[in-house]
Amino acid sequence: MSSNGRPPSSCMGQHRVSFCLERSEGSQAYSARLGSGALTFDRPNMKPFDTATLCEFYRRISAKDGVSVADLRSELDALFQRPRLESDINAYRLGRAPWKKLSDEISPIDRFLRLSSIEAGRIRFPLNDKAPDAWLWRRTQTDPVGIEATIAQGRERYHLAEELVTNGVGRGFIGVPDDAPQKWFDIAMSQERTMHATGQLLSAISSGIRRCLLRKNDPRFAGYILVIQAPLDSLPPQRWDQKKDELREAAASLSFSEIHVISEAGTSPWGFQIK
């Protein structure tokens, strides 16, 4: 969203490409096919989730009064059940405009709300590239609490998504830290896929989480909630038990009132609180 409250110009673009969708975020798959010169859908009355629909959704959730938490959840569920342009799916995976706000802010915060069983109250996403990413009014509170979302291993996520988009298949982990030179990513992505030990996965991802904590260590976030999205599903949930105390210690001095680590999109949300 631009600073004047209007959707970015990229929201207004028109696309003409074939549809193809396999939605892993839910329990059902939805697809669309191009046949006999016309688009046909498995659910013919279902409109596509395109950039125009996305921008209308952005307008609603960024309005002065926001939307109810329940409406946010139901709208997202309904939108992700629709077919999408392949180019839009790839833009979402790669965090490109105008889908970046959905992938990097709205979706992680929505999964946090679900994981925390927050079903009442209202929420607003300013979409203005300023802190916080969202304001949450809980039913019992007069004043809202700010929510910040950030992505652990964000650069790795981009390179893995780029490989998936380019080749149709991709690996799940390379273990290169976000602050590494670009050359490291280039070398890692040029090599054959390899198996990684549990300890290597734990160390790399937990280091990525701690890096997020360092980036967000700022008194201006006092009282806010921090949501860190991380590739937790690289390991079984019980493997994270040995890292929780270490992460809680790293989070203790930050000014946030709460800090939560949550799993990535495409899974049932799960995670743990470290402050």
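## Exercises on salt bridges and a sheet

Asp104 counts as buried because its relative accessibility is 10%, and buried means under 20%. Keep in mind that this is a predicted model.

**Exercise 1.** Find the salt bridge between Arg157 and Asp104 and explain why the pair ties together separate parts of the sequence.

*Solution.* First, look at the distance: the closest N and O atoms of Arg157 and Asp104 are 2.6 Å apart. Then locate each residue: Arg157 sits in helix α5 (residues 154-167) and Asp104 in helix α4, so the pair ties together parts that are 53 residues apart in sequence. Last, consider burial: Arg157 and Asp104 are both buried.

**Exercise 2.** Describe the open sheet, then the pairing of β5 with β6.

*Solution.* Begin with the order of the seven strands: β3-β4-β5-β6-β7-β8-β9, with mixed pairing. The edges are β3 (67-68) and β9 (271-273), each pairing on one side only. Now zoom in: β5 (residues 134-137) and β6 (residues 145-151) run in the antiparallel sense and pair over three bridges. To finish, find Ala134, which stands opposite Ile147 in β6.

Conventions: Residues are numbered from 1 along each chain as its sequence is written. This is a predicted model: local features need pLDDT of at least 70, side-chain atom pairs count only at pLDDT 80 or more; totals for chains, interfaces and linings use all residues. Side-chain values use heavy atoms; hydrogens and water are left out. Two strands pair if DSSP finds at least two bridges between them. Helices (H or I, at least four residues) and strands (E, at least two) are DSSP runs, numbered from the N terminus. Buried means under 20% relative accessible area, exposed over 50%, partly exposed in between (1.4 Å probe, protein chains only). A salt bridge is a side-chain nitrogen of Lys or Arg within 4 Å of a carboxyl oxygen of Asp or Glu.
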